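I opened the model to look at one loop and at the nonpolar core. My notes are below.

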Amino acid sequence: TMPTLWLQNVPKEATDDELRALAKKYAPDLECLTLNREEGDGSRPVAFMTFKGGELGSVERLADRLNGMYWKERTLRCTTAM
């Protein structure tokens, strides 16, 4: 199975389509299968994304690219989990 991308500090106004487009921009070989959100206390919302396609390590490379990126006035934090 492909790892899950765990994207933290997601801007509340960011739409699911914008998150999918951001992932597609940096990993065009991956197709987002699921996107779920967790608001928590609201200060650093999280999105969990799963993908298909790509090659071994594609999701990890995407996480490395997005981690620390300044997007929509927020600094994203990104990791992966199996």
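These entries take the loop residues, then the core.

**Entry: the model.** I am working with a predicted model.

**Entry: Asn9.** I looked up where Asn9 sits. I found Asn9 in the loop between β1 (4-8) and α1 (16-26). Is Asn9 buried or exposed? Its relative accessibility is 12%, so I log Asn9 as buried, the cut-off being under 20%. Next I checked the polar partners. The Asn9 side chain makes a polar contact with the side chain of Arg74 at 2.6 Å. A polar atom of the Asn9 side chain also lies 2.8 Å from the backbone oxygen of Thr75. Beyond four places in sequence, I list Ser43, Arg44, Pro45, Arg74, Thr75 and Leu76 as residues that Asn9 touches.

**Entry: Val10.** Val10 is in the loop between β1 and α1. I read 1% relative accessibility for Val10, so Val10 counts as buried. Outside four places in sequence, Val10 is in contact with Leu19, Arg37, Pro45, Val46, Ala47, Arg74 and Leu76. I also checked Glu39: Val10 and Glu39 are 29 residues apart in sequence, with their C-alpha atoms 9.4 Å apart.

**Entry: the core.** How many residues has the largest nonpolar core? I get 22. Leu5, Leu7, Phe51, Leu62 and Leu66 have the most contacts inside it. Two or more residues each come from β1, α1, β2 (30-38), β3 (46-53) and α2 (58-66). The most come from α2, which gives 4.

**Entry: Leu5.** Leaving aside neighbours within four places, its contacts include Phe51, Leu62 and Leu66. Among the others are Ala47, Phe48, Met49, Val59 and Cys78.

Key
Residues are numbered from 1 along each chain as its sequence is written. This is a predicted model: local features need pLDDT of at least 70, side-chain atom pairs count only at pLDDT 80 or more; totals for chains, interfaces and linings use all residues. Side-chain values use heavy atoms; hydrogens and water are left out. Buried means under 20% relative accessible area, exposed over 50%, partly exposed in between (1.4 Å probe, protein chains only). A polar contact is a pair of N or O atoms within 3.5 Å; within protein, one must be able to donate a hydrogen and the other to accept it, and residues adjacent in sequence count only if both atoms are side-chain atoms. Contact means heavy atoms within 4.5 Å. A nonpolar core is a set of buried Ala, Val, Leu, Ile, Met, Phe, Trp, Tyr and Cys residues joined through side-chain atoms within 4.5 Å.
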